[in-house]
Amino acid sequence: MRESFIEFRNVSFRYGEEQPWVLKDVSFVIYPDEWVAIIGHNGSGKSTIAKLINGLLFPQEGEIFVDGVHVNQDSIWDVRKNVGMVFQNPDNQFVGTTVRDDVAFGLENRGIPRQEMIDRINTSLTAVAMNDYFLHEPHRLSGGQKQRVAIASILAISPKVVILDEATAMLDPKGKLEIMRTITEVQDKLDLALVTITHDLNEITLADRVIVMNEGQVWLEATPREVFTKKEELRRIGLDTPFISKLADELISIGLVFNNHPLS
Ligand code: ADP
(Lines give C-alpha, C1' and ligand atoms only; values in the text may rest on other atoms or scores of the structure.)
Protein backbone atom coordinates (compact mmCIF):
# COMPACT_ATOMS: atom_id res chain seq x y z
CA MET A 1 0.00 0.00 0.00
CA ARG A 2 1.18 3.56 -0.73
CA GLU A 3 2.47 5.34 2.39
CA SER A 4 0.70 8.61 3.08
CA PHE A 5 2.81 11.66 3.89
CA ILE A 6 0.18 13.81 5.59
CA GLU A 7 -2.83 12.21 7.21
CA PHE A 8 -5.81 13.84 8.94
CA ARG A 9 -7.89 11.30 10.89
CA ASN A 10 -11.32 12.57 11.95
CA VAL A 11 -9.93 15.98 12.90
CA SER A 12 -12.17 18.56 14.57
CA PHE A 13 -10.90 21.95 15.68
CA ARG A 14 -12.23 25.15 17.26
CA TYR A 15 -10.39 28.27 18.41
CA GLY A 16 -11.83 28.09 21.96
CA GLU A 17 -14.43 26.28 24.00
CA GLU A 18 -17.04 28.96 23.38
CA GLN A 19 -16.17 29.19 19.67
CA PRO A 20 -17.90 27.31 16.83
CA TRP A 21 -16.18 24.29 15.31
CA VAL A 22 -14.01 25.45 12.41
CA LEU A 23 -13.16 21.92 11.21
CA LYS A 24 -15.60 19.06 11.67
CA ASP A 25 -14.49 15.44 11.35
CA VAL A 26 -11.98 16.13 8.57
CA SER A 27 -10.11 13.14 7.12
CA PHE A 28 -7.79 13.06 4.11
CA VAL A 29 -4.36 11.83 3.06
CA ILE A 30 -1.65 13.45 0.94
CA TYR A 31 1.03 11.26 -0.65
CA PRO A 32 4.78 12.14 -0.79
CA ASP A 33 5.00 13.12 -4.46
CA GLU A 34 1.59 14.75 -4.91
CA TRP A 35 0.45 18.27 -5.62
CA VAL A 36 -2.80 18.71 -3.73
CA ALA A 37 -4.84 21.90 -3.95
CA ILE A 38 -7.07 22.73 -0.99
CA ILE A 39 -9.82 25.07 -2.09
CA GLY A 40 -12.80 26.65 -0.39
CA HIS A 41 -14.45 30.03 0.14
CA ASN A 42 -12.98 32.42 2.71
CA GLY A 43 -13.54 31.12 6.22
CA SER A 44 -13.98 27.48 5.16
CA GLY A 45 -11.03 26.36 7.33
CA LYS A 46 -8.13 26.13 4.85
CA SER A 47 -5.52 28.15 6.77
CA THR A 48 -6.46 26.34 9.94
CA ILE A 49 -5.55 23.08 8.16
CA ALA A 50 -2.13 24.54 7.25
CA LYS A 51 -1.50 25.58 10.88
CA LEU A 52 -2.52 22.14 12.13
CA ILE A 53 -0.10 20.44 9.72
CA ASN A 54 2.94 22.17 11.18
CA GLY A 55 1.82 22.15 14.79
CA LEU A 56 0.98 25.84 15.19
CA LEU A 57 -2.39 24.54 16.40
CA PHE A 58 -3.52 21.15 17.72
CA PRO A 59 -6.92 19.52 17.16
CA GLN A 60 -9.34 18.92 20.04
CA GLU A 61 -10.48 15.72 18.32
CA GLY A 62 -8.80 13.34 15.90
CA GLU A 63 -5.15 12.89 14.95
CA ILE A 64 -2.70 14.29 12.43
CA PHE A 65 0.39 12.49 11.12
CA VAL A 66 3.21 14.02 9.06
CA ASP A 67 5.74 11.59 7.63
CA GLY A 68 4.54 8.96 10.09
CA VAL A 69 4.98 11.26 13.12
CA HIS A 70 1.95 12.10 15.27
CA VAL A 71 1.80 15.92 15.47
CA ASN A 72 1.77 16.97 19.14
CA GLN A 73 3.67 19.27 21.53
CA ASP A 74 6.58 16.83 21.78
CA SER A 75 7.02 16.27 18.05
CA ILE A 76 6.59 19.76 16.56
CA TRP A 77 10.29 20.34 15.86
CA ASP A 78 10.59 16.98 14.10
CA VAL A 79 7.49 17.80 12.09
CA ARG A 80 8.50 21.38 11.24
CA LYS A 81 11.84 20.40 9.75
CA ASN A 82 9.87 18.57 7.04
CA VAL A 83 7.25 21.25 6.44
CA GLY A 84 7.97 24.50 4.56
CA MET A 85 5.34 27.26 4.52
CA VAL A 86 4.97 30.14 2.06
CA PHE A 87 2.42 32.82 2.92
CA GLN A 88 0.45 35.53 1.16
CA ASN A 89 2.67 38.58 1.60
CA PRO A 90 6.25 38.01 0.36
CA ASP A 91 7.43 41.30 1.91
CA ASN A 92 6.80 39.90 5.39
CA GLN A 93 9.06 36.92 4.72
CA PHE A 94 12.33 38.66 3.83
CA VAL A 95 15.20 38.93 6.30
CA GLY A 96 18.24 39.40 4.05
CA THR A 97 19.37 42.52 2.18
CA THR A 98 20.17 40.49 -0.95
CA VAL A 99 18.40 37.51 -2.49
CA ARG A 100 21.42 35.34 -1.67
CA ASP A 101 21.51 36.42 2.00
CA ASP A 102 17.82 35.85 2.31
CA VAL A 103 18.06 32.26 1.14
CA ALA A 104 21.21 31.78 3.26
CA PHE A 105 19.47 32.92 6.45
CA GLY A 106 17.51 29.73 7.13
CA LEU A 107 20.61 27.65 6.41
CA GLU A 108 22.87 29.63 8.75
CA ASN A 109 20.31 29.12 11.49
CA ARG A 110 20.58 25.39 10.96
CA GLY A 111 24.38 25.39 11.01
CA ILE A 112 24.74 24.02 7.46
CA PRO A 113 28.46 23.89 6.39
CA ARG A 114 29.55 26.66 4.02
CA GLN A 115 30.02 24.63 0.81
CA GLU A 116 26.72 22.83 1.28
CA MET A 117 25.09 26.20 1.90
CA ILE A 118 26.43 27.56 -1.40
CA ASP A 119 25.20 24.44 -3.22
CA ARG A 120 21.75 24.66 -1.67
CA ILE A 121 21.41 28.39 -2.47
CA ASN A 122 22.37 27.71 -6.10
CA THR A 123 20.04 24.74 -6.45
CA SER A 124 17.01 26.39 -4.87
CA LEU A 125 17.36 29.70 -6.75
CA THR A 126 17.85 27.76 -9.99
CA ALA A 127 14.71 25.70 -9.24
CA VAL A 128 12.65 28.90 -9.19
CA ALA A 129 14.61 30.49 -12.09
CA MET A 130 16.00 33.31 -9.89
CA ASN A 131 19.69 32.35 -10.18
CA ASP A 132 20.46 35.61 -12.04
CA TYR A 133 19.32 37.67 -9.05
CA PHE A 134 21.77 36.68 -6.29
CA LEU A 135 22.79 40.23 -5.39
CA HIS A 136 19.45 41.94 -6.00
CA GLU A 137 17.53 43.51 -3.13
CA PRO A 138 14.45 41.38 -2.40
CA HIS A 139 12.23 44.42 -1.77
CA ARG A 140 12.92 45.81 -5.25
CA LEU A 141 11.76 42.69 -7.10
CA SER A 142 8.34 42.26 -8.71
CA GLY A 143 5.63 40.50 -6.69
CA GLY A 144 6.07 37.24 -8.60
CA GLN A 145 9.86 37.35 -8.23
CA LYS A 146 9.58 38.04 -4.49
CA GLN A 147 7.36 35.03 -4.04
CA ARG A 148 9.81 32.91 -6.08
CA VAL A 149 12.62 33.95 -3.70
CA ALA A 150 10.37 33.10 -0.74
CA ILE A 151 9.82 29.64 -2.28
CA ALA A 152 13.59 29.25 -2.84
CA SER A 153 14.29 30.08 0.82
CA ILE A 154 11.93 27.30 1.82
CA LEU A 155 13.30 24.82 -0.74
CA ALA A 156 16.86 25.46 0.52
CA ILE A 157 16.01 23.94 3.89
CA SER A 158 15.00 20.70 2.11
CA PRO A 159 11.48 20.19 3.39
CA LYS A 160 9.48 17.14 2.33
CA VAL A 161 6.35 19.20 1.82
CA VAL A 162 5.85 22.83 0.83
CA ILE A 163 2.55 24.45 1.77
CA LEU A 164 1.65 27.62 -0.12
CA ASP A 165 -1.15 29.41 1.76
CA GLU A 166 -2.80 31.85 -0.67
CA ALA A 167 0.72 32.56 -1.95
CA THR A 168 -0.55 34.20 -5.14
CA ALA A 169 -3.37 36.22 -3.56
CA MET A 170 -1.48 39.53 -3.59
CA LEU A 171 0.00 39.11 -7.08
CA ASP A 172 -1.16 40.52 -10.40
CA PRO A 173 -2.15 38.03 -13.16
CA LYS A 174 1.43 37.89 -14.48
CA GLY A 175 2.80 37.18 -10.99
CA LYS A 176 0.15 34.50 -10.40
CA LEU A 177 1.09 32.79 -13.66
CA GLU A 178 4.79 32.99 -12.74
CA ILE A 179 4.14 31.24 -9.44
CA MET A 180 1.94 28.53 -10.93
CA ARG A 181 4.66 27.84 -13.52
CA THR A 182 7.34 27.81 -10.81
CA ILE A 183 5.34 25.37 -8.70
CA THR A 184 4.88 23.03 -11.67
CA GLU A 185 8.60 23.09 -12.45
CA VAL A 186 9.63 22.64 -8.83
CA GLN A 187 7.34 19.66 -8.48
CA ASP A 188 8.74 18.11 -11.66
CA LYS A 189 12.37 18.62 -10.58
CA LEU A 190 12.29 18.02 -6.84
CA ASP A 191 11.02 15.10 -4.85
CA LEU A 192 8.43 16.69 -2.60
CA ALA A 193 4.76 17.03 -1.83
CA LEU A 194 3.04 20.33 -2.55
CA VAL A 195 -0.08 21.68 -0.91
CA THR A 196 -1.50 24.85 -2.43
CA ILE A 197 -4.26 26.59 -0.49
CA THR A 198 -6.48 28.89 -2.49
CA HIS A 199 -10.00 30.27 -2.94
CA ASP A 200 -9.40 30.69 -6.68
CA LEU A 201 -10.53 27.83 -8.92
CA ASN A 202 -8.11 29.02 -11.63
CA GLU A 203 -5.28 27.74 -9.45
CA ILE A 204 -6.34 24.14 -9.12
CA THR A 205 -6.07 23.25 -12.80
CA LEU A 206 -2.56 21.78 -12.66
CA ALA A 207 -2.80 19.99 -9.29
CA ASP A 208 -2.89 16.19 -9.13
CA ARG A 209 -5.81 16.21 -6.76
CA VAL A 210 -8.16 18.72 -5.17
CA ILE A 211 -9.74 18.81 -1.71
CA VAL A 212 -12.75 21.11 -1.71
CA MET A 213 -13.63 22.46 1.76
CA ASN A 214 -17.01 23.86 2.71
CA GLU A 215 -18.14 24.95 6.19
CA GLY A 216 -15.22 23.16 7.84
CA GLN A 217 -15.82 19.81 6.12
CA VAL A 218 -14.34 18.02 3.12
CA TRP A 219 -17.03 18.61 0.51
CA LEU A 220 -15.30 16.79 -2.34
CA GLU A 221 -11.98 15.10 -3.11
CA ALA A 222 -11.40 14.74 -6.84
CA THR A 223 -9.20 15.52 -9.83
CA PRO A 224 -9.38 19.11 -11.14
CA ARG A 225 -11.28 17.81 -14.15
CA GLU A 226 -13.93 16.18 -11.96
CA VAL A 227 -14.19 19.34 -9.84
CA PHE A 228 -14.85 21.45 -12.93
CA THR A 229 -17.82 19.30 -13.93
CA LYS A 230 -19.65 20.53 -10.81
CA LYS A 231 -19.94 24.18 -11.77
CA GLU A 232 -23.43 24.75 -10.35
CA GLU A 233 -22.64 23.09 -7.03
CA LEU A 234 -19.37 25.02 -6.76
CA ARG A 235 -21.21 28.29 -7.28
CA ARG A 236 -23.60 27.35 -4.49
CA ILE A 237 -20.66 26.98 -2.06
CA GLY A 238 -19.20 30.32 -3.09
CA LEU A 239 -16.61 29.29 -5.69
CA ASP A 240 -16.65 31.03 -9.04
CA THR A 241 -16.14 29.11 -12.30
CA PRO A 242 -12.52 29.30 -13.49
CA PHE A 243 -11.68 31.51 -16.42
CA ILE A 244 -10.70 28.65 -18.75
CA SER A 245 -13.99 26.89 -18.08
CA LYS A 246 -15.92 30.09 -18.88
CA LEU A 247 -13.84 30.44 -22.04
CA ALA A 248 -14.62 26.84 -23.05
CA ASP A 249 -18.37 27.50 -22.55
CA GLU A 250 -18.12 30.68 -24.58
CA LEU A 251 -16.30 28.91 -27.44
CA ILE A 252 -18.90 26.12 -27.43
CA SER A 253 -21.76 28.62 -27.46
CA ILE A 254 -20.41 30.34 -30.57
CA GLY A 255 -19.70 26.98 -32.24
CA LEU A 256 -15.90 27.21 -32.25
CA VAL A 257 -15.46 24.15 -30.04
CA PHE A 258 -17.63 21.01 -29.86
CA ASN A 259 -19.23 20.09 -26.58
CA ASN A 260 -16.66 17.50 -25.51
CA HIS A 261 -14.19 19.83 -23.90
CA PRO A 262 -12.91 18.36 -20.62
CA LEU A 263 -13.70 21.58 -18.76
CA SER A 264 -17.17 22.14 -20.19
P1 ADP B 1 -9.82 30.12 5.31
O2 ADP B 1 -8.35 29.94 5.29
O3 ADP B 1 -10.57 29.09 4.54
O4 ADP B 1 -10.24 31.52 4.93
P5 ADP B 1 -9.57 30.01 8.20
O6 ADP B 1 -9.02 28.68 8.55
O7 ADP B 1 -8.66 31.19 8.21
O8 ADP B 1 -10.35 29.90 6.82
O9 ADP B 1 -10.77 30.35 9.19
C10 ADP B 1 -11.82 29.44 9.46
C11 ADP B 1 -12.74 30.07 10.52
O12 ADP B 1 -12.00 30.20 11.74
C13 ADP B 1 -13.27 31.43 10.16
O14 ADP B 1 -14.60 31.52 10.58
C15 ADP B 1 -12.40 32.37 10.97
O16 ADP B 1 -13.09 33.52 11.32
C17 ADP B 1 -12.08 31.54 12.20
N18 ADP B 1 -10.76 31.90 12.77
C19 ADP B 1 -9.58 31.91 12.12
N20 ADP B 1 -8.57 32.27 12.94
C21 ADP B 1 -9.15 32.49 14.15
C22 ADP B 1 -8.64 32.88 15.44
N23 ADP B 1 -7.34 33.12 15.63
N24 ADP B 1 -9.52 33.01 16.45
C25 ADP B 1 -10.85 32.76 16.28
N26 ADP B 1 -11.39 32.38 15.09
C27 ADP B 1 -10.56 32.25 14.05
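Visitor: How many of the residues of strand S9 (residues 209-214) are buried?

Guide: Glad you asked; first, a word on the model. This is a predicted model, where local features need pLDDT of at least 70, side-chain atom pairs count only at pLDDT 80 or more, and totals for chains, interfaces and linings use all residues. Residues are numbered from 1 along each chain as its sequence is written, and side-chain values use heavy atoms, with hydrogens and water left out. Strands are DSSP runs of E with at least two residues, helices are runs of H or I with at least four, and both are numbered from the N terminus; buried means under 20% relative accessible area, exposed over 50%, partly exposed in between (1.4 Å probe, protein chains only). S9 is mostly covered, and the buried count is 6 of 6.

Visitor: Which residue in S9 is the bridge partner of Ala37?

Guide: Two strands pair if DSSP finds at least two bridges between them. Strand S3 (residues 35-39) and S9 pair in the parallel sense over 4 bridges. The partner of Ala37 in S9 is Val210.

Visitor: Which residue takes a positive phi in the hairpin of S9 and S10?

Guide: S9 and strand S10 (residues 217-222) run antiparallel, joined by 5 bridges. Met213, for one, has Val218 as its bridge partner in S10. The hairpin has 2 residues between the strands, and the one with a positive phi near 50 degrees is Glu215.

Visitor: Between which domains does the largest pocket lie, and why?

Guide: On a 1 Å grid over the protein atoms alone, a pocket is an open set of points where a 1.4 Å probe fits, with protein on both sides within 12 Å along at least five of seven lines; lining residues have an atom within 4 Å of a point. Domain bounds come from an automatic or database domain assignment. Both domains give residues to the lining, so the pocket lies between domain 1 (1-82 + 161-224) and domain 2 (90-158).

Visitor: Which helix gives the largest share of that lining?

Guide: The largest pocket is lined by 20 residues. The largest share, 5 residues, comes from H3.

Visitor: Is Lys146 buried or exposed?

Guide: Lys146 lies in helix H5. Leaving aside neighbours within four places in sequence, Lys146 is in contact (heavy atoms within 4.5 Å) with Pro90, Asp91, Phe94, Pro138, His139 and Leu141. With a relative accessible area of 11%, Lys146 is buried.
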